[in-house]
Number of protein chains: 2
Amino acid sequence: MSRQYSISQIAEQTGLTPDTLRYYEKIGLIPSPGRGAGGSRLYTKEDIGKIHFLLHLKNTEMPLKNIQEYIKAYDAQDEELCYRLLEEHRIRIEAQMAALNETLQIVKYKLDHFQEIKDG
Amino acid sequence: MSRQYSISQIAEQTGLTPDTLRYYEKIGLIPSPGRGAGGSRLYTKEDIGKIHFLLHLKNTEMPLKNIQEYIKAYDAQDEELCYRLLEEHRIRIEAQMAALNETLQIVKYKLDHFQEIKDG
DNA sequence: GCTTGACTTGGAGTCTACTCCAAGGGCTAT
DNA sequence: ATAGCCCTTGGAGTAGACTCCAAGTCAAGC
């Protein structure tokens, strides 16, 4: 039987707080893990994997509601819906990258401009 | 004398609502524009330029507080601070692009995986 | 057997960024 | 001169995502 981890260990691994982990569990973003002595949460490697994928979605500005919908579809093994939701997210990611790049060019231009003022 | 625009025209141009424009003005993100008959706002081309740059920062997840700080530094002609704030934002943009790209690869992999299931 | 420390729950509070509302003013067309 | 519409203000309300708190449980060490 493989190792299991307490909520504070997971918190440290993921950079989330125990409160946030419990909050995500409450709203159905992560599965309710097994419990140890006194009802304390014990996370498995599989749980951790799900949390990491969740963080990938969250870190790319997917709203928790959409992540919730994806998790629900995943649990219901609705591959059609999973596919559609991920595809939509892919499009949003690409749009976001384009916006970031556009602003990056503008910011770089301004930074060069400041540099000139300093040099001149 | 060049053309001026009402708040609803600016709203249409920028995709913001008049309420949001007034809110941005209230918290100091955009300058208070000149007023016309009955105290209604009249935006100049210069105002519009500032709003568009603000939107670039906002669309790249710069918190309004940081934008506020930048605008304040800009108005105070504190070039040193302007430079530092933009440089920090550039770094955040690049980090964000890296995170997006990483997730994009994962999402693409998953999408290909779904595709195989459909094809197979 | 009592303290210490991490854990549990449900619920309330906070922060950011809006979003809406009530009460009222002013231009335009009929 | 009245209807219709867009504008004004200050302030209250909302949504999303946490974040904190009180009261209590449990196991381990002294």
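Is Arg35(B) buried, partly exposed or exposed? I looked up its relative accessible area and got 42%, so Arg35(B) goes down as partly exposed. A reminder to myself before going on: this is a predicted model.

**Entry 1: the partner in chain B.** I checked what Arg35(B) pairs with and found a salt bridge to Glu25(B), with the closest N and O atoms 3.2 Å apart. The two residues come from distant parts of the chain: Arg35(B) sits in strand β1 (residues 34-35) of chain B and Glu25(B) in helix α2 (residues 18-26) of chain B, 10 residues apart. I then looked at Glu25(B) itself, which has a relative accessible area of 13%. The cut-off for buried is under 20%, so Glu25(B) counts as buried.

**Entry 2: another arginine on Glu25(B).** I found that Glu25(B) also forms a salt bridge with Arg41(B), and here the closest N and O atoms are 2.7 Å apart.

**Entry 3: over to chain A.** Which side chain does Glu25(A) meet in a salt bridge at 3.2 Å, N to O? I looked, and it is that of Arg35(A). Glu25(A) belongs to helix α2 (residues 18-26) of chain A and Arg35(A) to strand β1 (residues 34-35) of chain A, so the bridge ties together parts that are 10 residues apart in sequence. For accessibility, I noted 13% for Glu25(A), which counts as buried, and 42% for Arg35(A), which is partly exposed. I also wrote down a network of salt bridges that links Glu25(A), Arg35(A) and Arg41(A).

**Entry 4: the tally.** How many salt bridges does the structure hold over all chains? I got 12.

Entry 5: I checked how chain A goes onto chain B: a turn of 180 degrees and a shift of 0.0 Å along the axis do it, with an RMSD of 0.1 Å. The two copies are therefore related as by a two-fold rotation axis. I asked which C-alpha of chain A is nearest the axis. That of Met97(A) is, at 3.1 Å from it.

Methods:
Residues numbered from 1 in each chain as written. Chains lettered and ligands numbered in written order. Predicted model: local features only at pLDDT ≥ 70, side-chain atom pairs only at ≥ 80, totals over all residues. Heavy atoms only, no water. Salt bridge = Lys/Arg side-chain N within 4 Å of Asp/Glu carboxyl O. Helix = DSSP H or I, 4+ residues; strand = E, 2+ residues; numbered from the N terminus. Buried < 20%, exposed > 50% of the residue type's maximum accessible area, 1.4 Å probe, protein only. Least-squares fit on C-alpha atoms with pLDDT ≥ 70 in both.
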